[in-house]
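Visitor: I am new to this structure and would like to learn how to read it. Please take me through a few features in turn.

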Amino acid sequence: MEDRQGRKRHLVTLVVNGDEYTVAVKANTLLVNVLRDLLDLTGTKKGCELGDCGSCTVLLDGRPVNSCLVLAVEADGHEVTTIEGVSQNDKLDRIQESFIENAAIQCGYCTPGMILSAKALLTRNPHPTEREVREAIAGNLCRCTGYVNIVKAILAAAENG
Amino acid sequence: MYLPDFEYYAPGTVQEAVELLAGMPGARVLAGGTDLLVKMKQGLLEPPAVVSLKRLDALKRVAEEPGGLFIGARVTLNELINSDLIRRRYPSIAGAAHQMANNQVRHTGTLGGNLANAVPSADMPPILMALGAAVRVFGPGGERSFPLEELFVGPGRTSLGAGEVITGVVVPDQKTTGSTYMKFGLRRSGALAVVGVAAAVTMDGSVVADVRIVLGAVAPVPVRARSAEETIRGREYSREAAEAAGVAAAAESRPISDIRGSAEYRRDLVRVFTRRALERAVREGHV
């Protein structure tokens, strides 16, 4: 559809954290901007916006992707999980609990992406090795922690799973 | 960081995609977007239109064909890594994909994108060329297929004609007994190759009956190291023979100095990684 200025919009339907939304977006609208600006799900962060830092990681059909490099129109018809969808009814996920217990959070900016990458890993591989954990979060940069407590937290969450 | 405006199309057939591309000069193909969208954000590309391949399920196929294995252009790098068929028949292709980028990018980025972008340091071309892969393209003149090495013309430049789309690659059934891709990056993950070397060998007992060595990131395009191959083809295999091949490969490589390494450093890495890749392909088979 086109507005009076002739700008074309596309209707995009997404299932975000279990709820279905239909939004009208321009072709150049990025998934991260739909989540943050239209759906007010600001837990997903923007960092480098070039696919290097992983702050904007969400799960697209269960797989971690950088939402800054996905066009909203390309995600039409797909399922998205953001950090807001990780806890259930105000009960934190065991990975979130484990991040708190292991002091795996400092400034917190990388944490949503880090937790989603961890979530995807533990869903696919409930008992990963340290190397597998490090590989799974290699696309999530943290400039505070040095990663040690993050790796510990994910391994502990796997233990208690 | 925002993208410039563009028209968006998601055709339902390859023919339609080709017609759209042929009719709109400057239009770009969108597969995973991990290269294209970055270039658009950085202002390096401003295509008037983007033609998405997302509805073309035929391009997501991994299928055995008489004479080889077809891998669709829109197969993501993680799908390559996790495909039972590829792991069983061509584990070195899965191994090369595993050395790329990071998990998020591997879930989005595609094989076709890695080829079409024609970056000299791309990780998929060396191993595919070493295994003798052909690229299959569809264009206004119909379908054609040619050796992958003929795709690359220069950094970021391919031999694809107007409106031509890569639909996949065909990796032929192998006589080779071992193959591998080894990459040197400045970090274990998320780093471009400073040097990448693929080797495929056909051993007859302890004799190297045939060999292909392909170098990445040390020339404007991925290149066969033909004189290195000559030094070892038909010879008894030894570590010294592999080292000699490495020395020859270093001599014929044409690296540049850039932010990731000097030309001298790269040339020495070619020597070391050629030797190691040969050792690995000879001793461990397809890895």
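Visitor: What is the strand order in the open sheet of chain B, and is the pairing parallel or antiparallel?

Guide: Strands of a sheet pair through backbone hydrogen bonds, in either a parallel or an antiparallel way. This is a predicted model. In chain B, three strands form an open sheet in the order β1-β3-β2, and the pairing is parallel.

Visitor: Which strands of chain B stand at the edges?

Guide: β1 (7-9) and β2 (28-30) of chain B do. Each has a single partner strand, so one side of each has no neighbour in the sheet. On average, neighbouring strands of this sheet are turned by 30° against each other, direction ignored.

Visitor: How many bridges join β1(B) to β3 of chain B?

Guide: Three bridges join β1(B) to β3 (residues 49-52) of chain B, and the two run parallel.

Visitor: Now chain A. Into which domains is chain A divided?

Guide: Chain A has domain 1 (10-83) and domain 2 (94-159). Taken over C-alpha atoms, the centres of these two domains of chain A are separated by 21 Å. Domain 1 of chain A gives 14 residues to the contact, and domain 2 of chain A gives 13 residues.

Visitor: Which strands supply at least two residues each to the side of domain 1 of chain A that touches domain 2 of chain A?

Guide: They are β3 (57-60) and β4 (63-66) of chain A. The largest share of that side, three residues, comes from β3(A). By type, the residues on this side of domain 1 of chain A are six nonpolar, six polar and two charged.

Notes: Residues are numbered from 1 along each chain as its sequence is written. Chains are lettered from A and ligands numbered from 1 in the order in which they are written. This is a predicted model: local features need pLDDT of at least 70, side-chain atom pairs count only at pLDDT 80 or more; totals for chains, interfaces and linings use all residues. Domain bounds come from an automatic or database domain assignment. Two residues are in contact if their C-beta atoms, placed from the backbone, lie within 7 Å. Helices (H or I, at least four residues) and strands (E, at least two) are DSSP runs, numbered from the N terminus. Ala, Val, Leu, Ile, Met, Phe, Trp, Tyr, Cys and Pro count as nonpolar, Asp, Glu, Lys and Arg as charged, and the others, Gly among them, as polar. Two strands pair if DSSP finds at least two bridges between them. Axes are lines fitted to C-alpha atoms, for helices over the stretch in contact, and angles run from 0 to 180 degrees between N-to-C directions.
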